Amino acid sequence: FDLAKFPTNETIRLLASLLERMTAANDLLNKQQVTGYTRFHARVAPSIDIYSYLSRILKYCPCANECFLSLLVYFDRMSKNAYALTGRPFTIDSFNIHRLIIAGVMVSSKFFSDIFYTNTRYAKVGGLPVTELNSLEIEFLKLNSYNLTVPISELQKYGDQLL
């Protein structure tokens with residue numbers, strides 16, 4: 001996996017496939033046990049599939065592979081940090097994945113890119129009110145302990161695992 005040369009649309013295709021499998025598995029687990037709701041949870045699962053959502057973000061708020069790959073790193077960190085920070089486990093499912101994606105891409109784009117879009121634009125692309133996205137951004141940062149640094153070697157590892 002060549003992080004710099006790999007086509008971003010292929011990265012999001014692979015990422016979407018992984019996230020679809022993850023959310024489907026967690027949806028089944030969540031039916032068996034009640035987990036806590038977070039600020040990221042929607043009342044109903046969005047009708048747009050993950051690949052289409054990622055494609056929409058890429059089309060209207062383009063960014064490089066590291067913005068999308070870093071989502072996996074951030075989601076792992078959030079899963080590890082959540083219990084210590086909130087007293088509840090953090091599970092990614094079909095009710096929160098879309099909000100996690102838009103908040104994560106927005107945050108990672110701000111971190112990795114010199115040029116990024118406004119929260120208003122991300123909110124419009126993500127289908128959320130900007131005030132809600134602002135709250136999600138803060139929560140996303142808290143659950144990542146305000147640490148957005150991802151070494152290239154770690155991004156490479158996650159990229160290799162996608163293939």
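## Exercises on loops, cysteines and helices

Ser145 sits in the loop between helix H6 (130-143) and helix H7 (152-162). Helices here are DSSP runs of H or I with at least four residues, numbered from the N terminus. The model is predicted, so local features need pLDDT of at least 70 and side-chain atom pairs count only at pLDDT 80 or more, while totals for chains, interfaces and linings use all residues. Residues are numbered from 1 along each chain as its sequence is written, and side-chain values use heavy atoms, leaving out hydrogens and water.

**Exercise 1.** Count the disulfides in the whole structure, and explain the result for Cys61 and Cys63.

*Solution.* 
- Step 1: Recall the rule: a disulfide is a pair of cysteine sulfur atoms within 2.5 Å. A search of the whole structure finds zero.
- Step 2: Take Cys61. The closest cysteine sulfur to its own is in Cys63, at 8.1 Å, and that is too far for a bond. Cys61 is buried, at 0% relative accessible area.
- Step 3: Take Cys63. The closest cysteine sulfur here belongs to Cys67, 3.6 Å away, which is also too far for a bond. Cys63 counts as buried too, at 11% relative accessibility.

**Exercise 2.** Work out which residues of helix H5 are buried and what they pack against.

*Solution.* 
- Step 1: List them. In H5 (residues 119-126), the buried residues are Asn119, Tyr122, Ala123, Val125 and Gly126. They cover an arc of only 165 degrees around the axis, so they lie on the same side of H5; the arc is that of the directions from the helix axis to the C-beta atoms.
- Step 2: Turn to the face pointing away from that buried side.
- Step 3: Find the partners. The buried residues of H5 pack against helix H2 (50-60), helix H4 (97-112) and H6, where contact means heavy atoms within 4.5 Å.
- Step 4: Look at what follows. Just after H5, Gly127 takes a positive phi of about 75 degrees.

**Exercise 3.** Describe how H2 and H4 pack, and name the residues that meet.

*Solution.* 
- Step 1: Read the geometry. Axes are lines fitted to C-alpha atoms, for helices over the stretch in contact, and angles run from 0 to 180 degrees between N-to-C directions. H2 and H4 pack at about 25 degrees, with axes 11 Å apart.
- Step 2: Classify it. Angles under 35 degrees count as roughly parallel, over 145 as roughly antiparallel, 65 to 115 as roughly perpendicular and the rest as oblique. H2 and H4 are therefore roughly parallel to each other.
- Step 3: Name the residues. Ile50, Tyr53, Leu54 and Ile57 in H2 meet Ile97, His98, Ile101, Ile102 and Val105 in H4.

Technical notes
Helix = DSSP H or I, 4+ residues; strand = E, 2+ residues; numbered from the N terminus. Buried < 20%, exposed > 50% of the residue type's maximum accessible area, 1.4 Å probe, protein only.
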